[in-house]
Amino acid sequence: MKAWLQKLKARLGRIREAFRRKPNRFLQHLGEQAEIVVQGTEALVSYMTKPSKKNAARVRSLEKNADEIRRILIDDLNRSFVTPIDREDLFALSRAIDDILDYAYSTTHEMDILGVAPNDHLRAMAALLHQSAEELHLAIERLEKHPKIATDHSMRVKSIENQMERLYAEALAHLFDEPKDLRHVITMFKLREIYRHMFHAVGSTEQAADIVSDIVIKFY
C-alpha cells in the first residue's frame, strides 16, 4: 500500500512538472540585455566623473555585449514558430533597449574625439539615464510574474524622462546664453550634439517602457 502511494505521488509530481510553466526565454534575453544597459549607464556615470580612455572603453565593451545578447534573441525569434508574446513587440523592445547603449557609446565616443569635457549638466543627465535604466530593468524582470509591478516601474521611467526634458531644456538655454567668442561658439555646437545623444538615450528608455506597458495590457 505504501509503495503504491509513493508511485502515485511520483506520477503526480511528473504530471505537475510537465504542466509547470516554463520561463519565457525571450524575456530572459531581454532581462540580460537590460542588465547590461544598467552596467553600461553606470560606466557612463563613471566616465562623466572621470573621463578616461579606460572608462570610455568600458562603455564600448558593454555596448558590444548587449549587441551579442540582442543577436541571440533575434536568432531565437527566427527559429521559433510561435512566441508567447508577439514577436514584433519582442523585437521592438530589444531594439529600444539596444538604442540606449548605442547613444551612451556615441556620447563618450564624440566627447573623446571632439575634446569635450563633462560638465554639471552632463553629469546630471548621466545620473538620470542610469536611474531610468535601472527602472527599465526592473520592469522587464517583473513582467512575467508581476505585470502590475512592471507597469509601476515603466511609469517611473516616464517620470524620469520628464525630468530629462526639463534638464535638457535648461542645458540648452544655458548653452546659448551669452556666447563670448568664436571658441565658445564652437564648444556650444559640440555640447549641443552631446546633449542630444543623452536626451535620445533617455528617450529610448521611455520608448522601451511604453512597449513593456503595451505588452502588459495585451498579454497579462
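I began with Leu-122 and listed its contacts beyond four places in sequence, which are Met-48, Met-111, Ala-117, Leu-191, Ile-194, Tyr-195 and Met-198. I note at the outset that this is a predicted model, and I read every entry below with that in mind.

I then asked which residues of the largest nonpolar core touch the most other members. Out of its 60 residues, they are Leu-122, Met-125 and Met-198. Looking up where the core comes from, I found that H2, helix H3 (53-79), helix H4 (87-114), H5, H6 and helix H7 (182-219) each give two or more residues to it. The largest share is that of H7, with 13 residues. I set beside this the general remark that nonpolar side chains tend to be buried together in soluble globular proteins.

**H2 against H5**

For H2 and H5 I noted an angle of about 165 degrees and axes 9 Å apart. Since angles over 145 degrees count as roughly antiparallel, H2 and H5 are therefore roughly antiparallel to each other. The crossing in which H2 passes H5 is left-handed.

I went through the residues that meet here: the H2 side includes Leu-27, Leu-30, Ala-34, Val-38, Val-45 and Met-48, while the H5 side includes Leu-122, Ala-126, Ala-127, Leu-129, Ala-133 and Ile-140. Charged residues take part as well, among them Glu-35 and Glu-42 from H2 and Arg-123, Glu-134 and Glu-141 from H5. By class, I recorded 14 nonpolar, four polar and five charged residues in the contact of H2 with H5.

I turned to helix H5 (residues 120-142) and helix H6 (residues 147-175), whose axes lie 8 Å apart at an angle of about 165 degrees. By that angle, H5 and H6 are roughly antiparallel to each other, and their crossing is left-handed. In the contact of H5 with H6 I noted 15 nonpolar, seven polar and four charged residues.

For H6 and H7 I found that the axes come within 9 Å and cross at roughly 165 degrees, which makes H6 roughly antiparallel to H7. The crossing of H6 and H7 is left-handed, and the residues of this contact divide into 17 nonpolar, six polar and seven charged.

Not counting residues up to four places away in sequence, His-29 touches Ile-69, Ile-72, Leu-73 and Asp-76.

I looked for a contrast in Arg-58, which is found in helix H3. Arg-58 is partly exposed, with a relative accessible area of 44%, and its contacts beyond four places in sequence are Gln-39 and Ala-43. I also noted that Arg-58 and His-29, 29 residues apart along the chain, have C-alpha atoms separated by 21 Å.

Ala-127, which lies in helix H5, is partly exposed as well, with a relative accessible area of 39%. I recall that Ala-127 was on the list of H5 residues that meet H2. Between the C-alpha atoms of Ala-127 and Ile-113, which are 14 residues apart in sequence, I recorded 22 Å.

**Asn-24**

My last entry concerns a loop residue. Where does Asn-24 sit? I found it in the loop between helix H1 (2-19) and helix H2 (25-49). At 6% relative accessibility, Asn-24 counts as buried, and beyond four places in sequence it touches Pro-84, Ile-85 and Glu-144.

Methods. Residues numbered from 1 in each chain as written. Predicted model: local features only at pLDDT ≥ 70, side-chain atom pairs only at ≥ 80, totals over all residues. Heavy atoms only, no water. Axes fitted to C-alpha atoms, helices over the stretch in contact; angles between N-to-C directions. Helix = DSSP H or I, 4+ residues; strand = E, 2+ residues; numbered from the N terminus. Parallel < 35°, antiparallel > 145°, perpendicular 65-115°, else oblique. Left-handed = near helix turned anticlockwise from the far one by under 90°. Buried < 20%, exposed > 50% of the residue type's maximum accessible area, 1.4 Å probe, protein only. Contact = heavy atoms within 4.5 Å. Core = buried A, V, L, I, M, F, W, Y, C linked by side-chain atoms within 4.5 Å.
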